[in-house]
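Here is a protein model to work through by question and answer. Take the sequence and coordinates together.

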Amino acid sequence: MRPWEGRPADLAAPVPVLAAGGIADGRGVAAALALGTADALIGTRLQATAESLADPATAEAIVSGRGQDTERSGVLDIARGAGRPAAKYTARTLGHP
């Protein structure tokens, strides 16, 4: 039996796949699209731009933050009332009180 030979996103077809996390520039978007994703989500990176409507203190925290300054938590989904199990679907955020 031959191993599957195709793009990873093709495994989910016909459901579109969205790439997210760690994409910070055009090369990352191009790589995601080359792997067959329908699009790419670039959220945090855009919050740190001069054009962002985010509070300047938030942008500065993002720019100066390091990987070890983050924590996994479900608090964002709880605050949004997402209705999914927060302990199962966590997000990485900068640590805060």
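Q: Leaving aside its neighbours within four places in sequence, which residues is Ala38 in contact with?
A: This is a predicted model. Ala38 sits in the loop between helix H1 (26-34) and strand E2 (39-41). Beyond its neighbours within four places in sequence, the contacts of Ala38 are Pro16, Val17 and Leu33.

Q: Is Ala38 buried or exposed?
A: The cut-off for exposed is over 50% relative accessible area. Ala38 has a relative accessible area of 52%, so Ala38 counts as exposed.

Q: How many Å apart in space are Ala38 and Leu18, C-alpha to C-alpha?
A: Leu18 belongs to strand E1, and Ala38 to the loop between H1 and E2. In sequence, Ala38 and Leu18 are 20 residues apart. Their C-alpha to C-alpha distance in space is 5.7 Å.

Q: Which residues does Leu18 touch, not counting residues up to four places away in sequence?
A: Leu18 lies in strand E1. Its relative accessible area is 52%, so Leu18 is exposed. Setting aside residues up to four places away in sequence, Leu18 touches Asp39, Ala40 and Leu41.

Q: How far apart in space are Leu18 and Ala32, C-alpha to C-alpha?
A: Leu18 and Ala32 are 14 residues apart in sequence. In space, C-alpha to C-alpha, the separation of Leu18 and Ala32 is 8.5 Å.

Q: Which peptide bond is cis, with omega near 10 degrees?
A: Most peptide bonds are trans. The bond in question has omega near 10 degrees and is cis. Its proline, Pro14, is placed in the segment before strand E1 (18-20). The cis bond runs from Ala13 to Pro14.

Q: In what order do the elements of the protein run from the N terminus on?
A: The secondary structure comes to 4 helices and 4 strands. Read from the N terminus, the order is β-α-β-α-α-β-α-β.

Q: What radius of gyration does the protein have?
A: The C-alpha atoms fill a box of roughly 55 × 35 × 25 Å along the principal axes. A compact globule of 97 residues would come out near 13 Å. The protein has a radius of gyration of 17 Å.

Q: What share of the 97 residues counts as buried?
A: Buried means under 20% relative accessible area. The accessible surface of the protein is about 7,500 Å², with 59% of this area belonging to carbon and sulfur atoms. Of the 97 residues, the buried share is 12%.

Q: Among contacts between residues at least 6 apart in sequence, what share joins residues at least 24 apart?
A: The count takes contacts between residues at least 6 apart in sequence. Those joining residues at least 24 apart make up 26%.

Q: Is Asp77 buried or exposed?
A: Asp77 is part of helix H4 (residues 75-80). Not counting residues up to four places away in sequence, Asp77 touches Ala82, Arg84 and Tyr89. The relative accessibility of Asp77 is 10%, so Asp77 counts as buried.

Q: How far apart in space are Asp77 and Thr58, C-alpha to C-alpha?
A: Asp77 and Thr58 are 19 residues apart in sequence. Their C-alpha to C-alpha separation in space is 19 Å.

Q: Which residues does Thr93 touch, not counting residues up to four places away in sequence?
A: Thr93 lies in strand E4. Its relative accessibility is 14%, so Thr93 counts as buried. Setting aside residues up to four places away, Thr93 touches Asp69, Thr70, Glu71 and Leu76.

Q: Which residues lie nearest the centre of the largest pocket?
A: The largest pocket holds about 590 Å³ of space. Helix H2 (43-47), helix H3 (56-64), H4 and strand E4 (91-94) each give at least two residues to its lining. By class, that lining has 7 nonpolar, 9 polar and 6 charged residues. Of the 22 lining residues, those nearest the centre are Thr44, Leu76, Arg92, Thr93 and Leu94.

Q: Where does the largest share of the lining of the second largest pocket come from?
A: The second largest pocket has a volume of about 370 Å³. Its lining includes Gly43, Thr44 and Arg45. By class, the lining divides into 7 nonpolar, 4 polar and 1 charged. The largest share, 3 residues, comes from H2.

Note on methods:
Residues are numbered from 1 along each chain as its sequence is written. This is a predicted model: local features need pLDDT of at least 70, side-chain atom pairs count only at pLDDT 80 or more; totals for chains, interfaces and linings use all residues. Side-chain values use heavy atoms; hydrogens and water are left out. Buried means under 20% relative accessible area, exposed over 50%, partly exposed in between (1.4 Å probe, protein chains only). Contact means heavy atoms within 4.5 Å. On a 1 Å grid over the protein atoms alone, a cavity is a set of points where a 1.4 Å probe fits but cannot get out, and a pocket is an open set with protein on both sides within 12 Å along at least five of seven lines; lining residues have an atom within 4 Å of a point. Grid points are joined across faces, edges and corners, and a volume is the space filled by probe spheres set on the points. Ala, Val, Leu, Ile, Met, Phe, Trp, Tyr, Cys and Pro count as nonpolar, Asp, Glu, Lys and Arg as charged, and the others, Gly among them, as polar. The radius of gyration is taken over C-alpha atoms; the globule rule is 2.2 Å times the number of residues to the power 0.38. Accessible areas come from the Shrake-Rupley method with a 1.4 Å probe; for residues, only the protein chains shown count as cover.
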